[in-house]
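Thanks for coming. I have one structure to go through today, so please bring it up on your screens.

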Amino acid sequence: MAASEENSALFPIFILTIMAIPLVPYTMVKLTGALSKKQRTIHCQCLECDRSGKYKRSLFKKISNFSTWSNLTLVLLWVVMVFLIYYTKNMSREAQVFDPFSILGLEPGVTDSEIKKAYRRLSIQYHPDKNPDPEANKYFVEFISKAYQALTDPVSRENFEKYGHPDGRQGFQMGIALPQFLLDIDGASGGILLLWIVGVCILLPLVIAVIYLSRSSKYTGNYVMHQTLSAYYYLMKPSLAPSKVMEVFTKAAEYMEIPVRRTDDEPLQKLFMSVRSELNLDLKNMKQEQAKFWKQHPAIVKTELLIQAQLTRESGVLSPALQGDFRRVLELAPRLLEELLKMAVIPRTAQGHGWLRPAVGVVELSQCIVQAVPLSARKSSGVSSEGISPFLQLPHFSDAVVKKIARKKVKSFQDLQEMRLEDRSELLTQVAGLSATDVEDIEKVLEMMPSLTVDITCETEGEEGIQEGDIVTLQAWVTLKRPNGLIGALPHAPYFPFHKEENYWVLLADSVSNNVWFSQKVSFMDEGGAITAASKAISESMEGSGAGVKETNDAVREAIEKVKGGSRLVMGKLQAPAEGTYNLTCLCLCDTWIGCDKKQALKVKVLKRTRAGTRGMVSDEGAIAEEGMEEEDEIEEEDYDDDYESEYSEDEDEKRGSKKANGSVKQKKESSSEESGSEEE
């Protein structure tokens with residue numbers, strides 16, 4: 001019985017240990033994430049971003065951000081742990097070992113006379129006849145009398161001096177740190193112990209496993225449903241124009257779960273009338289087009305109208321119920337667009353290439369959603385060949401302001417950026433009619449806008465030139481510069497209600513055949529991660545080429561300095577195609593800013609196989625290829641307007657374009673097959 005009581009007293013320590021094992025690491029992860037978020041608070045300082053309220057740290061907002069279910073549960077568990085620590089600390093004080101020598105105030109090995117003297121002295125102080133205090137009586141009976149009896153009995157005293165216990169040697173005991181009522185198997189609580197064992201050892205792990213497997217089978221690592229990825233994969237087309245990307249984007253399964261209420265019909269009808277011009281409806285058959293639009297799934301209709309409300313900045317007219325749905329749609333948009341872009345560049349052709357045209361359309365849609373700019377603003381107009389969308393992302397800019405500054409021969413956004421500060425201020429105040437405060441806001445945003453440069457090289461490691469079938473190593477340094485000197489910062493996005501980091505996509509593509517050869521995502525927010533990745537990639541590359549330790553260390557040190565200076569390393573491998581010359585384009589596309597994308601020409605010369613040996617993959621015809629790539633000087637963007645500019649054409653134009661692209665691909669396949677046939681002969 002005493003052993004069971006001792007084991008039950010250890011139950012709080014057992015619970016404390018079980019709680020501390022997962023709770024302490026999870027708390028460390030949460031604190032690390034919170035600290036990393038605090039480091040990413042560099043954002044735009046203009047008045048519009050300040051009015052948006054998403055960067056303000058009011059007490060109510062701090063409480064609302066903190067009072068999530070996970071945070072509250074974490075705090076509750078720590079309160080329980082603190083209580084258990086306090087309880088076990090006091091319990092350890094109470095559970096003292098019975099030591100008769102210390103109770104009587106004696107040293108081990110004293111004589112019987114000294115023991116009797118000590119007993120008489122304590123009896124005068126604690127005996128009930130001498131001291132009426134109940135606590136003194138209790139202490140005398142339970143401790144002093146027992147200690148005197150243990151030391152005056154020769155056998156008990158000898159056992160205590162030898163084994164530390166009056167009863168002699170004690171055997172080894174094991175117990176279960178559970179409460180006493182659970183250990184009372186003979187009583188009614190025997191079933192409780194059985195339920196405890198079954199629940200903790202069987203049911204709890206089973207429930208956790210079922211929840212984890214059900215969630216992992218439904219969502220990807222990026223918290224996107226597998227059903228959404230499947231829909232995006234099958235709806236993606238090589239000739240998908242940017243204006244048609246919206247139709248694929250709204251088919252996400254996450255948007256299908258947004259509730260459709262009858263009370264939303266009237267507000268959605270009003271919203272439809274205000275954004276009708278942005279829905280790509282045929283004006284000649286407006287009635288039929290409207291009927292066709294409303295026959296779609298109600299969730300799809302609602303999602304597209306809410307996105308159009310963001311693009312046209314009409315979210316202020318939404319009802320409170322629609323405001324919640326509106327925020328949910330925008331909260332899911334960034335990661336859905338990222339997965340949609342991956343479905344566009346995923347290998348589709350026999351050569352393992354993705355599609356360029358839909359990838360560009362997804363990036364343009366992401367830019368417009370973040371900056372709240374209509375897709376129609378990307379159409380070429382008399383004001384600018386690239387449309388007025390880059391101007392509309394600036395604060396206090398409108399169509400009227402763009403037309404006014406166009407009279408002073410400011411035709412493009414680049415012209416506005418390249419103007420001197422004094423000239424630009426004079427233009428905006430005197431011609432556009434903006435105030436000095438408005439001009440100051442515009443200058444703050446222009447100082448936040450990034451400027452990109454790309455330095456790309458392609459080579460076969462350890463060989464001169466690149467021939468058919470070689471595994472080609474692509475290395476690109478993407479450098480970001482801002483007028484204010486920052487590297488990682490949150491973009492100017494006052495109409496997007498959530499924090500959105502800048503992400504960049506590096507694409508190596510052939511705009512003629514609409515093929516993407518290589519793609520990779522780049523971020524400038526995590527400098528530590530970029531240093532680690534660049535150091536590892538450079539080390540592996542140098543070791544593969546047979547470089548020495550000193551050369552490798554110098555190359556790694558140089559890469560680290562580049563990363564700290566605002567550059568990011570992009571490395572990948574691809575297989576050389578058949579013999580020929582390919583005019584490729586390296587695109588660096590930003591998913592938040594409009595007008596900051598970078599393009600660079602790259603001439604790829606593929607040589608016929610002359611080297612002995614087989615490297616890379618063998619083609620179906622049995623020929624092994626290597627290629628040689630030579631980098632051309634960077635050309636102006638105007639030379640690539642026909643290949644890369646936004647396309648918002650009718651369905652007939654899309655069909656003609658797709659037939660033309662398919663024709664060029666077929667011609668290349670025929671020529672390559674003829675060449676391989678001649679080699680076999």
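Some ground rules. This is a predicted model, in which local features need pLDDT of at least 70 and side-chain atom pairs count only at pLDDT 80 or more, while totals for chains, interfaces and linings use all residues. Residues are numbered from 1 along each chain as its sequence is written, and side-chain values use heavy atoms, with hydrogens and water left out.

The chain as a whole. It has 28 helices and 9 strands; helices are DSSP runs of H or I with at least four residues, strands are runs of E with at least two, and both are numbered from the N terminus. Of the 681 residues, 41% count as buried. Buried means under 20% relative accessible area, exposed means over 50%, and partly exposed is in between, with a 1.4 Å probe and protein chains only. As for contacts, meaning heavy atoms within 4.5 Å, take those in the chain with a separation of 6 or more: 69% of them are between residues 24 or more positions apart.

Next, the cores. In soluble globular proteins, nonpolar side chains tend to be buried together. A nonpolar core here is a set of buried Ala, Val, Leu, Ile, Met, Phe, Trp, Tyr and Cys residues joined through side-chain atoms within 4.5 Å. The largest one has 60 residues, and Phe-249, Tyr-255, Leu-305 and Ile-369 have the most contacts inside it. Helix 18, residues 320-345, supplies the largest share of this core, 13 residues. Apart from it lies another core, of 58 residues, including Cys-49, Leu-434, Met-448 and Phe-524.

How many cavities of 30 Å³ or more does a search of the whole structure find? The search finds 1. A cavity is a set of points on a 1 Å grid over the protein atoms alone, where a 1.4 Å probe fits but cannot get out; lining residues have an atom within 4 Å of a point. Grid points are joined across faces, edges and corners, and the volume is the space filled by probe spheres set on the points. The largest cavity holds about 40 Å³. Its lining consists of Glu-48, Arg-313, Gln-371, Leu-392, Gln-393, Leu-394, Pro-395, His-492, Pro-494 and Tyr-495.

Glu-48 sits in helix 3, residues 47-52, and is buried at a relative accessible area of 16%. Glu-48 and Pro-494 are 446 residues apart in sequence, yet 5.8 Å apart in space, C-alpha to C-alpha. Neighbours within four places aside, Glu-48 is in contact with Pro-395, His-396, His-492, Pro-494 and Tyr-495. Arg-313 lies in the loop between helix 17 (298-311) and helix 18. Arg-313 is partly exposed, at 30%, and its phi is near 60 degrees, a positive value in a residue other than glycine.

Asn-514 is not a glycine either and has a positive phi of about 65 degrees. Asn-514 lies in the loop between strand 4 (504-510) and strand 5 (515-522), and counts as buried at 13% relative accessibility.

Now helix 23, residues 421-431. Which of its residues are buried? They are Arg-424, Leu-427 and Leu-428. Seen down the helix axis, these fall within an arc of 90 degrees, so they line one face of helix 23; the arc is that of the directions from the axis to the C-beta atoms. On the other side, Glu-422 and Gln-430 are exposed. The buried residues pack against helix 21 (399-406), helix 22 (413-418) and helix 24 (436-448). Arg-424 has a relative accessible area of 8% and touches Leu-416, Gln-417, Met-419, Glu-443 and Leu-446, residues up to four places away not counted. Just after the helix, Gly-433 takes a positive phi of about 75 degrees.

Last, cysteines. With a disulfide defined as a pair of cysteine sulfur atoms within 2.5 Å, the whole structure has 0. For Cys-46, the nearest cysteine sulfur is that of Cys-44, 3.4 Å away; Cys-46 is buried, at 1%. For Cys-588, the nearest is that of Cys-586, 7.3 Å away, and Cys-588 is buried at 1% as well.

Conventions. On a 1 Å grid over the protein atoms alone, a cavity is a set of points where a 1.4 Å probe fits but cannot get out, and a pocket is an open set with protein on both sides within 12 Å along at least five of seven lines; lining residues have an atom within 4 Å of a point.
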